[in-house]
Amino acid sequence: AEKLLNDQGKLASIGQISASIAHEIKNPLTSVKGFLQLLKESQPHYYLDIMESELDKALATLQNLLHVSKPDLFEEPLVPIELCKELDSLLFLFQEKLYNVKTELIFRDSERVVVGKRNLLLKAFFNLIKNALEAIIEKGDIKIEHYYEDGFINIKIFDTGVGISEDILKKLGTPFLTTKTEGTGLGLTQVFTTIHEHGGTISVQSVIGEGTVFHVQLPCD
Ligand code: ADP
Ligand code: MG
């Protein structure tokens, strides 16, 4: 099964609604957090620590939501990015999760640079690698390929994880779509908007029980 992720219209309207809700909820929560911190100073109690860390989780989710629904709020300069180097460092972030995962990096044309918003793009690749790792239950392989072809840098992320059902594949990229108990369903939405914002494309191929490959193409001259 294969799908090209390009359903931009639906995303725009869901995005606008989500952004306004995220804003409305974030402000009061931030204020609650401020008073909680004051309270902790005068009357420390571990219940308050739990409350604060739960609030932080909610605030982080809202922050992600703003990220995917209002990318223009996160204006970043366009800079040259050496993706091979960055992908290498990203994998390093996951090192303690990699003990049961064999990784293989096949970097061709690594001297090519992509011009883009560094934080957004790295976050997108972080989200793709995270999903690949989460798809692997006991052990498996992740392979990342990088090569140049016809004006595009191609990045392919292969995993031998659980795979994606037809049903989910059809809806991939929709905000809040998740099959995980602790998932937010915002990772691929961020990936999706970021790659499109950079004039790129993304497609996915998956076979249940065998694995998944995400193929990202980013313009590069
Ligand atoms: P989350 O990871 O929080 O669930 P995402 O937007 O990152 O949200 O992914 C949405 C859903 O897409 C996941 O819950 C999972 O079902 C599916 N998915 C994404 N990447 C993969 C992958 N590499 N292998 C299997 N399923 C995946
Ligand atoms: Mg995810």
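Predicted model: local features only at pLDDT ≥ 70, side-chain atom pairs only at ≥ 80, totals over all residues.

Trainee: What is the mean pLDDT of the protein chain?
Mentor: pLDDT is the predictor's confidence in each residue, from 0 to 100. In the protein chain, 90% of the residues reach 70 or more. The model also scores ipTM 0.99 and pTM 0.80. The mean pLDDT itself is 90.

Trainee: How many helices and strands are there in the protein chain?
Mentor: Both are DSSP runs, numbered from the N terminus: H or I of at least four residues for helices, E of at least two for strands. Along the sequence the pattern reads β-α-α-β-α-β-β-α-β-β-α-α-β-β. That is six helices and eight strands.

Trainee: What radius of gyration does the protein chain have?
Mentor: The radius is taken over C-alpha atoms, and the globule rule is 2.2 Å times the number of residues to the power 0.38. For 221 residues the rule gives 17 Å, and the chain comes close to that, so it is as compact as a globular protein of that length. Its radius of gyration is 19 Å.

Trainee: Which helix gives the most to the shell around ligand 1?
Mentor: A residue is near a molecule if its C-beta atom, placed from the backbone, lies within 6 Å of it. In total 23 residues surround ligand 1, and the closest are Asn131, Ala135, Thr178, Gly183 and Gly187. Both α4 (118-135) and α6 (187-197) supply at least two residues each. The top contributor, with four residues, is α4.

Trainee: Is α6 largely enclosed or open, and how many of its residues are buried?
Mentor: Count other C-beta atoms (placed from the backbone) within 10 Å of a residue's own: 20 or more is buried, 12 or fewer is exposed, and in between is partly exposed. The buried residues of α6 include Gly187, Leu188 and Phe192. The helix is largely enclosed by the rest of the structure, because the buried count is nine of the 11 residues.

Trainee: Which residues of α3 are buried?
Mentor: Helix α3 covers residues 83-93. Its buried residues fall within an arc of 100° seen down the axis (the arc of the directions from the helix axis to the C-beta atoms), so they line one face. The face turned away carries the exposed residues Lys85, Ser89, Phe92 and Leu93. The buried ones are Leu83, Cys84 and Leu87.

Trainee: Where is Phe176 found?
Mentor: Most residues other than glycine have a negative phi. Phe176 has a positive phi of about 75°. Phe176 is exposed, with 12 other C-beta atoms within 10 Å. Its place is the loop between α5 (166-171) and α6.

Trainee: And what is phi of Asp109?
Mentor: Asp109 is in the loop between β3 (101-107) and β4 (114-116). Asp109 is partly exposed, with 14 other C-beta atoms within 10 Å. Its phi is positive, near 55°.

How values were computed
Residues numbered from 1 in each chain as written. Chains lettered and ligands numbered in written order.
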